[in-house]
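This briefing goes through strand pairing, the nonpolar core and the contact between domains. Please keep the sequence and the structure at hand while reading.

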Amino acid sequence: MRAAVLDEDHTFDVADVADPTPAPDELVLQVRACGICGSDLKSHTMMPPGSVLGHEFCGDVVAVGTDARDRWREGQLVAALPIVACGRCRWCLADEPLHCERVDLLGVGGSAGAFAEYVRVGADQSVLLDESVGDHGAIVEPLAVGLHTVEAAQIRTGDRVLVIGGGNVGAAVTFWCRRLGAAEVVVSDPVASRREAAGLWGATDAHDPAEGRPHPGFDVVIECVGAPGLIQAAIDATAVHGRVVVAGVCTAPDAVVPLTAIMKEVDVRFAVYYRGREFAAAASVLNGGAFDADAFVTGAVGLGGVSGAFARLLAGSDERKVLVRPGLG
Ligand SMILES: [Zn+2]
Ligand SMILES: [Zn+2]
(Lines give C-alpha, C1' and ligand atoms only; values in the text may rest on other atoms or scores of the structure.)
(Ligands and ions follow the chains in the order given, each with its own letter.)
Protein backbone atom coordinates (compact mmCIF):
# COMPACT_ATOMS: atom_id res chain seq x y z
CA MET A 1 0.00 0.00 0.00
CA ARG A 2 0.97 3.65 -0.28
CA ALA A 3 1.75 5.61 2.87
CA ALA A 4 3.22 8.99 3.82
CA VAL A 5 6.44 7.82 5.49
CA LEU A 6 8.54 10.07 7.72
CA ASP A 7 12.06 10.60 6.38
CA GLU A 8 15.33 11.82 7.94
CA ASP A 9 14.49 15.45 7.15
CA HIS A 10 11.24 15.27 9.15
CA THR A 11 9.18 15.51 5.97
CA PHE A 12 7.01 12.81 4.43
CA ASP A 13 7.60 10.75 1.29
CA VAL A 14 4.88 8.72 -0.36
CA ALA A 15 6.27 5.17 -0.41
CA ASP A 16 5.10 1.60 -0.77
CA VAL A 17 4.98 -0.28 2.54
CA ALA A 18 3.63 -3.72 3.48
CA ASP A 19 -0.15 -4.12 3.56
CA PRO A 20 -1.47 -4.69 7.09
CA THR A 21 -3.18 -8.00 7.93
CA PRO A 22 -5.57 -8.40 10.84
CA ALA A 23 -4.84 -10.57 13.91
CA PRO A 24 -7.89 -12.63 15.03
CA ASP A 25 -9.26 -9.73 17.11
CA GLU A 26 -8.43 -6.98 14.62
CA LEU A 27 -9.83 -5.25 11.54
CA VAL A 28 -8.12 -3.60 8.60
CA LEU A 29 -9.67 -0.34 7.42
CA GLN A 30 -9.30 1.36 4.08
CA VAL A 31 -8.62 4.88 5.34
CA ARG A 32 -11.12 7.52 4.21
CA ALA A 33 -9.59 10.37 6.17
CA CYS A 34 -7.07 10.99 8.93
CA GLY A 35 -6.71 14.32 10.73
CA ILE A 36 -3.43 16.12 11.27
CA CYS A 37 -3.16 16.69 15.02
CA GLY A 38 -1.29 19.37 16.94
CA SER A 39 0.60 16.55 18.63
CA ASP A 40 1.80 15.33 15.21
CA LEU A 41 3.12 18.83 14.53
CA LYS A 42 4.86 18.94 17.91
CA SER A 43 6.32 15.44 17.92
CA HIS A 44 7.12 14.40 14.37
CA THR A 45 10.71 15.64 14.58
CA MET A 46 11.27 13.21 17.48
CA MET A 47 9.83 10.16 15.68
CA PRO A 48 12.12 7.65 14.00
CA PRO A 49 12.46 7.84 10.20
CA GLY A 50 10.20 5.24 8.60
CA SER A 51 7.30 6.00 10.96
CA VAL A 52 3.77 6.26 9.59
CA LEU A 53 1.87 8.80 11.69
CA GLY A 54 -1.86 9.55 11.86
CA HIS A 55 -4.10 8.67 14.82
CA GLU A 56 -7.40 10.48 14.04
CA PHE A 57 -9.05 8.40 11.35
CA CYS A 58 -12.05 6.63 9.94
CA GLY A 59 -12.33 4.08 7.19
CA ASP A 60 -14.18 1.20 5.60
CA VAL A 61 -13.65 -2.32 6.92
CA VAL A 62 -11.83 -4.36 4.26
CA ALA A 63 -10.62 -7.33 6.35
CA VAL A 64 -12.01 -8.89 9.52
CA GLY A 65 -9.97 -11.08 11.91
CA THR A 66 -11.31 -14.58 12.57
CA ASP A 67 -12.55 -13.78 16.11
CA ALA A 68 -14.35 -10.58 15.08
CA ARG A 69 -16.56 -11.93 12.30
CA ASP A 70 -19.60 -12.18 14.56
CA ARG A 71 -19.52 -8.38 15.07
CA TRP A 72 -17.96 -6.79 11.99
CA ARG A 73 -18.23 -7.18 8.24
CA GLU A 74 -16.57 -5.69 5.22
CA GLY A 75 -17.94 -2.38 3.99
CA GLN A 76 -18.87 -0.92 7.38
CA LEU A 77 -17.67 2.64 8.04
CA VAL A 78 -15.91 2.84 11.39
CA ALA A 79 -13.72 5.02 13.54
CA ALA A 80 -11.32 3.29 15.89
CA LEU A 81 -9.31 4.21 18.92
CA PRO A 82 -5.67 4.42 17.79
CA ILE A 83 -4.95 2.02 20.63
CA VAL A 84 -4.65 -1.73 20.28
CA ALA A 85 -5.03 -3.18 23.78
CA CYS A 86 -5.09 -6.69 25.28
CA GLY A 87 -8.69 -6.53 26.51
CA ARG A 88 -7.89 -8.57 29.62
CA CYS A 89 -5.64 -6.59 31.97
CA ARG A 90 -7.04 -4.48 34.83
CA TRP A 91 -6.81 -1.28 32.79
CA CYS A 92 -8.62 -2.78 29.82
CA LEU A 93 -11.32 -4.12 32.16
CA ALA A 94 -11.65 -0.58 33.57
CA ASP A 95 -12.16 0.83 30.03
CA GLU A 96 -8.80 2.59 30.15
CA PRO A 97 -7.05 0.96 27.19
CA LEU A 98 -4.42 3.71 27.06
CA HIS A 99 -2.94 2.24 30.24
CA CYS A 100 -3.10 -1.39 29.00
CA GLU A 101 -0.09 -3.41 30.10
CA ARG A 102 0.51 -4.37 26.43
CA VAL A 103 -0.66 -1.16 24.80
CA ASP A 104 0.19 -0.45 21.16
CA LEU A 105 -0.40 3.20 20.25
CA LEU A 106 -0.97 3.62 16.53
CA GLY A 107 0.48 6.49 14.57
CA VAL A 108 2.69 8.03 17.24
CA GLY A 109 5.95 6.35 16.28
CA GLY A 110 5.05 2.70 17.07
CA SER A 111 2.72 0.67 14.89
CA ALA A 112 1.70 2.35 11.66
CA GLY A 113 -0.95 5.04 11.76
CA ALA A 114 -3.38 6.16 9.10
CA PHE A 115 -1.47 8.53 6.83
CA ALA A 116 -1.75 5.47 4.61
CA GLU A 117 -4.22 3.63 2.41
CA TYR A 118 -4.93 1.01 5.09
CA VAL A 119 -4.65 0.77 8.86
CA ARG A 120 -4.91 -2.16 11.29
CA VAL A 121 -7.11 -1.58 14.37
CA GLY A 122 -8.54 -3.50 17.32
CA ALA A 123 -12.04 -4.90 16.68
CA ASP A 124 -13.06 -4.04 20.26
CA GLN A 125 -11.69 -0.51 19.83
CA SER A 126 -13.83 0.20 16.74
CA VAL A 127 -17.16 2.04 16.61
CA LEU A 128 -19.69 2.04 13.80
CA LEU A 129 -20.43 5.33 12.00
CA ASP A 130 -23.42 6.37 9.94
CA GLU A 131 -22.57 6.56 6.25
CA SER A 132 -23.71 10.21 6.39
CA VAL A 133 -20.71 11.03 8.62
CA GLY A 134 -18.30 10.18 5.80
CA ASP A 135 -14.80 11.66 6.08
CA HIS A 136 -15.82 13.57 9.18
CA GLY A 137 -15.52 10.30 11.09
CA ALA A 138 -11.88 11.33 11.45
CA ILE A 139 -12.93 13.90 14.06
CA VAL A 140 -14.37 11.34 16.46
CA GLU A 141 -10.86 11.14 17.93
CA PRO A 142 -10.32 14.86 18.69
CA LEU A 143 -13.90 15.08 19.96
CA ALA A 144 -13.17 12.17 22.31
CA VAL A 145 -10.08 14.00 23.58
CA GLY A 146 -12.32 16.95 24.37
CA LEU A 147 -14.88 14.82 26.19
CA HIS A 148 -12.27 13.03 28.30
CA THR A 149 -10.77 16.38 29.29
CA VAL A 150 -14.14 17.84 30.22
CA GLU A 151 -15.10 14.72 32.19
CA ALA A 152 -11.90 15.18 34.21
CA ALA A 153 -13.15 18.70 34.99
CA GLN A 154 -16.45 17.34 36.38
CA ILE A 155 -18.46 20.14 34.80
CA ARG A 156 -21.61 21.06 36.73
CA THR A 157 -24.65 22.89 35.45
CA GLY A 158 -24.01 26.63 35.57
CA ASP A 159 -20.22 26.44 35.79
CA ARG A 160 -18.08 29.31 34.54
CA VAL A 161 -15.22 27.88 32.49
CA LEU A 162 -12.03 29.37 31.05
CA VAL A 163 -10.46 27.46 28.16
CA ILE A 164 -6.82 28.39 27.54
CA GLY A 165 -6.14 27.80 23.85
CA GLY A 166 -8.66 27.98 21.02
CA GLY A 167 -7.09 25.37 18.73
CA ASN A 168 -8.74 22.08 17.91
CA VAL A 169 -8.52 20.68 21.45
CA GLY A 170 -9.89 23.93 22.83
CA ALA A 171 -12.73 23.82 20.30
CA ALA A 172 -13.72 20.26 21.27
CA VAL A 173 -13.43 21.11 24.98
CA THR A 174 -15.64 24.18 24.51
CA PHE A 175 -18.28 22.11 22.72
CA TRP A 176 -18.46 19.50 25.49
CA CYS A 177 -18.42 22.08 28.32
CA ARG A 178 -21.56 23.67 26.90
CA ARG A 179 -23.18 20.33 26.14
CA LEU A 180 -22.58 19.17 29.73
CA GLY A 181 -24.10 22.29 31.26
CA ALA A 182 -21.50 25.05 31.60
CA ALA A 183 -23.26 28.42 31.61
CA GLU A 184 -20.27 30.40 30.44
CA VAL A 185 -17.19 29.40 28.46
CA VAL A 186 -14.49 31.99 27.79
CA VAL A 187 -11.81 30.99 25.28
CA SER A 188 -8.43 32.68 25.65
CA ASP A 189 -6.13 32.70 22.63
CA PRO A 190 -3.67 35.22 21.17
CA VAL A 191 -4.79 34.37 17.60
CA ALA A 192 -7.70 36.55 16.44
CA SER A 193 -9.14 33.95 14.03
CA ARG A 194 -9.38 31.42 16.86
CA ARG A 195 -11.11 33.90 19.15
CA GLU A 196 -13.53 34.70 16.36
CA ALA A 197 -14.26 31.00 15.72
CA ALA A 198 -14.80 30.14 19.40
CA GLY A 199 -18.50 30.97 19.19
CA LEU A 200 -18.94 28.20 16.62
CA TRP A 201 -18.30 25.66 19.38
CA GLY A 202 -20.45 27.42 21.95
CA ALA A 203 -18.05 29.86 23.63
CA THR A 204 -19.88 32.75 25.27
CA ASP A 205 -16.88 35.09 25.15
CA ALA A 206 -13.27 35.27 24.01
CA HIS A 207 -10.22 36.75 25.68
CA ASP A 208 -7.00 38.07 24.16
CA PRO A 209 -4.06 37.35 26.51
CA ALA A 210 -2.29 40.41 25.07
CA GLU A 211 -4.81 42.47 27.01
CA GLY A 212 -3.73 41.03 30.35
CA ARG A 213 -5.02 38.18 32.40
CA PRO A 214 -8.72 37.33 32.50
CA HIS A 215 -10.63 38.21 35.65
CA PRO A 216 -10.14 35.32 38.10
CA GLY A 217 -12.95 33.38 39.70
CA PHE A 218 -13.62 30.58 37.19
CA ASP A 219 -15.06 27.34 38.52
CA VAL A 220 -13.01 25.42 35.96
CA VAL A 221 -9.94 26.28 33.89
CA ILE A 222 -8.86 23.91 31.13
CA GLU A 223 -5.36 24.32 29.71
CA CYS A 224 -5.23 23.15 26.06
CA VAL A 225 -1.92 24.57 24.86
CA GLY A 226 1.03 22.94 26.66
CA ALA A 227 3.52 25.78 27.18
CA PRO A 228 5.42 26.78 30.34
CA GLY A 229 3.58 29.25 32.55
CA LEU A 230 0.08 28.18 31.62
CA ILE A 231 -0.55 25.86 34.58
CA GLN A 232 0.18 28.80 36.86
CA ALA A 233 -2.06 31.02 34.74
CA ALA A 234 -4.80 28.42 35.08
CA ILE A 235 -4.42 28.23 38.87
CA ASP A 236 -4.47 32.03 39.10
CA ALA A 237 -7.74 32.20 37.15
CA THR A 238 -9.67 29.78 39.37
CA ALA A 239 -12.09 30.45 42.17
CA VAL A 240 -11.82 28.88 45.63
CA HIS A 241 -12.13 25.10 45.19
CA GLY A 242 -11.71 25.60 41.45
CA ARG A 243 -10.73 22.74 39.18
CA VAL A 244 -7.85 22.91 36.72
CA VAL A 245 -7.45 20.30 34.00
CA VAL A 246 -4.22 20.20 32.03
CA ALA A 247 -4.64 18.71 28.57
CA GLY A 248 -1.88 20.67 26.81
CA VAL A 249 1.22 18.52 26.35
CA CYS A 250 4.24 20.46 27.59
CA THR A 251 7.65 18.78 27.34
CA ALA A 252 9.59 21.48 29.19
CA PRO A 253 9.85 22.02 32.96
CA ASP A 254 7.03 24.26 34.18
CA ALA A 255 7.26 25.89 37.61
CA VAL A 256 4.22 26.73 39.71
CA VAL A 257 3.92 28.52 43.04
CA PRO A 258 2.07 25.93 45.15
CA LEU A 259 0.93 28.60 47.64
CA THR A 260 -1.36 30.08 45.03
CA ALA A 261 -3.13 26.75 44.57
CA ILE A 262 -3.11 25.81 48.26
CA MET A 263 -4.81 29.01 49.43
CA LYS A 264 -7.75 28.32 47.09
CA GLU A 265 -7.58 24.52 47.55
CA VAL A 266 -7.47 24.10 43.81
CA ASP A 267 -7.85 20.62 42.34
CA VAL A 268 -5.31 20.15 39.50
CA ARG A 269 -5.68 17.16 37.18
CA PHE A 270 -4.02 15.96 34.01
CA ALA A 271 -5.87 14.29 31.16
CA VAL A 272 -4.80 12.50 27.99
CA TYR A 273 -6.53 10.34 25.36
CA TYR A 274 -9.97 8.92 26.38
CA ARG A 275 -11.85 5.88 27.58
CA GLY A 276 -13.63 3.61 25.12
CA ARG A 277 -17.04 4.86 26.21
CA GLU A 278 -15.98 8.48 25.64
CA PHE A 279 -14.84 7.60 22.11
CA ALA A 280 -18.22 5.96 21.51
CA ALA A 281 -20.02 9.04 22.87
CA ALA A 282 -18.05 11.25 20.48
CA ALA A 283 -19.06 8.98 17.59
CA SER A 284 -22.72 9.19 18.54
CA VAL A 285 -22.57 13.01 18.61
CA LEU A 286 -21.26 12.93 15.04
CA ASN A 287 -23.77 10.26 13.99
CA GLY A 288 -26.52 12.51 15.37
CA GLY A 289 -25.25 15.63 13.60
CA ALA A 290 -24.88 17.56 16.87
CA PHE A 291 -21.39 18.88 16.13
CA ASP A 292 -20.64 21.33 13.32
CA ALA A 293 -18.04 19.21 11.54
CA ASP A 294 -18.22 21.38 8.42
CA ALA A 295 -16.89 24.32 10.42
CA PHE A 296 -14.26 22.24 12.22
CA VAL A 297 -12.70 20.69 9.08
CA THR A 298 -11.17 23.35 6.84
CA GLY A 299 -9.15 21.38 4.31
CA ALA A 300 -8.02 18.09 2.87
CA VAL A 301 -4.86 16.85 1.16
CA GLY A 302 -3.75 13.56 -0.39
CA LEU A 303 -0.79 11.53 0.89
CA GLY A 304 1.51 13.61 -1.30
CA GLY A 305 0.27 16.77 0.41
CA VAL A 306 1.16 15.81 4.00
CA SER A 307 4.55 17.58 4.05
CA GLY A 308 3.04 20.75 2.64
CA ALA A 309 0.17 20.71 5.12
CA PHE A 310 2.58 20.23 8.05
CA ALA A 311 4.66 23.18 6.81
CA ARG A 312 1.60 25.42 6.53
CA LEU A 313 0.22 24.47 9.94
CA LEU A 314 3.63 24.85 11.62
CA ALA A 315 4.00 28.29 10.02
CA GLY A 316 0.83 29.40 11.81
CA SER A 317 -1.78 29.02 9.09
CA ASP A 318 -5.26 29.71 10.46
CA GLU A 319 -6.65 26.49 8.99
CA ARG A 320 -8.38 24.37 11.61
CA LYS A 321 -8.56 20.58 11.14
CA VAL A 322 -6.86 19.43 7.94
CA LEU A 323 -7.66 15.89 6.84
CA VAL A 324 -5.38 13.58 4.91
CA ARG A 325 -7.48 11.67 2.37
CA PRO A 326 -5.47 8.88 0.75
CA GLY A 327 -8.17 8.68 -1.92
CA LEU A 328 -7.08 12.11 -3.21
CA GLY A 329 -3.79 10.55 -4.33
ZN1 LIG B 1 -4.61 13.92 18.17
ZN1 LIG C 1 -4.86 -4.54 28.55
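In this predicted model, strand β5 (residues 77-80) and strand β9 (residues 126-128) run antiparallel and are joined by 3 bridges. Strand β4 (residues 56-64) also pairs with β5 in the antiparallel sense, again over 3 bridges.

**Strand pairing**
- On the side of β9, Ser126 is the bridge partner of Ala80.

**Nonpolar core**
- The largest nonpolar core comprises 106 residues, and those with the most contacts inside it are Leu29, Phe115, Val119, Val140, Ile164 and Ile222.
- Because domain 1 (2-130 + 288-328) and domain 2 (145-270) both give residues to this core, it lies between them.
- Once its neighbours within four places in sequence are left aside, Leu29 is in contact with several residues, including Asp60 and Ala80, and also Val78, Tyr118 and Val119.

**Domains and their contact**
- The domain assignment divides the chain into domain 1 (2-130 + 288-328) and domain 2 (145-270), and the centres of the two, taken over C-alpha atoms, are separated by 28 Å.
- To the contact between them, domain 1 brings 10 residues and domain 2 brings 9 residues.
- On the side of domain 1 that touches domain 2, the elements giving two or more residues are α1 (38-43) and α9 (293-296), and α1 gives the most, with 3 residues.
- Sorted by class, that side of domain 1 has 5 charged, 3 nonpolar and 2 polar residues.

Terms used:
Residues numbered from 1 in each chain as written. Chains lettered and ligands numbered in written order. Predicted model: local features only at pLDDT ≥ 70, side-chain atom pairs only at ≥ 80, totals over all residues. Core = buried A, V, L, I, M, F, W, Y, C linked by C-beta atoms within 7 Å. Buried ≥ 20, exposed ≤ 12 C-beta atoms within 10 Å, placed from the backbone. Domains from an automatic or database assignment. Contact = placed C-beta atoms within 7 Å. Helix = DSSP H or I, 4+ residues; strand = E, 2+ residues; numbered from the N terminus. Nonpolar A, V, L, I, M, F, W, Y, C, P; charged D, E, K, R; others polar. Pairing = 2+ DSSP bridges.
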